[in-house]
Amino acid sequence: MKKTIKRCGAALCALLLIACVAVFGGCKEKAEVYKIEKLIFEMESGKIEVSVGETYNGFTLTKDYFTIILKKDGTSALSGAYASGEGTWEQEGDQITITIEGEPQTFTLQNGKLVMEEGTVELGLKYTAVLSK
């Protein structure tokens, strides 16, 4: 009888240990992954918005067109159709600056989405990329 109780006690301890590892291991902060949601091009002649799954002028925007990973340790990674690399990131208010290979790029955090704007309509083209989790 005592051997059965010891075995059950050992099994219960092992089960509790596994449960604690699963619970506390699951609480580790994970990286945030942002994928492209849409691209917006603004010109004097108007605005063109292309969302994932849509095709414009022979180009189909896929969710893997542009991905940003922000890791809790301050490192980052990006991958996309035209660029990829690893670097660092930091946040100040709603501004997130990602630096890959010495080149910083600033995004604005808006409603849980990363928004990057380049250029101006006055100079011919304003390009906006919107990424979401």
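**Entry 1. Terms and source**

I take contact to mean heavy atoms within 4.5 Å. I am working with a predicted model, in which local features need pLDDT of at least 70 and side-chain atom pairs count only at pLDDT 80 or more, while totals for chains, interfaces and linings use all residues. Residues are numbered from 1 along each chain as its sequence is written, and side-chain values use heavy atoms, with hydrogens and water left out.

**Entry 2. Lysine 126**

I looked up the contacts of lysine 126, leaving aside residues up to four places away in sequence, and found Ile40, Phe41, Glu42, Glu117, Glu118, Gly119, Thr120 and Val121. Lysine 126 belongs to strand β11, residues 125-132.

**Entry 3. The chain as a whole**

I noted 1 helix and 11 strands, taken as DSSP runs numbered from the N terminus (helices H or I, at least four residues; strands E, at least two). Of the 133 residues, 24% are buried, that is, under 20% relative accessible area with a 1.4 Å probe, protein chains only. Among contacts with a separation of 6 or more, 38% are between residues 24 or more positions apart.

I count two strands as paired if DSSP finds at least two bridges between them. Strands β6 (residues 75-80) and β7 (residues 84-92) run antiparallel, with 5 bridges, and a hairpin of 3 residues connects them. In this pair, leucine 78 faces glycine 85 of β7. Strand β7 also runs antiparallel to β8 (residues 95-100), with 6 bridges, and here glycine 87 is opposite isoleucine 100. The hairpin of β7 and β8 has 2 residues between the strands, and glycine 93 in that hairpin has a positive phi near 65°.

**Entry 4. The largest pocket**

I then turned to the largest pocket, which holds about 330 Å³ of space. A pocket is an open set of points on a 1 Å grid where a 1.4 Å probe fits, with protein on both sides within 12 Å along at least five of seven lines; lining residues have an atom within 4 Å of a point. The lining has 16 residues, and Phe66, Leu78, Ala83, Gln105 and Met116 are the closest to the centre. Strands β5 (66-70), β6, β8, β9 (103-110) and β11 each give two or more residues to the lining. The largest share, 3 residues, is from β9.

Note on methods
Buried means under 20% relative accessible area, exposed over 50%, partly exposed in between (1.4 Å probe, protein chains only). Grid points are joined across faces, edges and corners, and a volume is the space filled by probe spheres set on the points.
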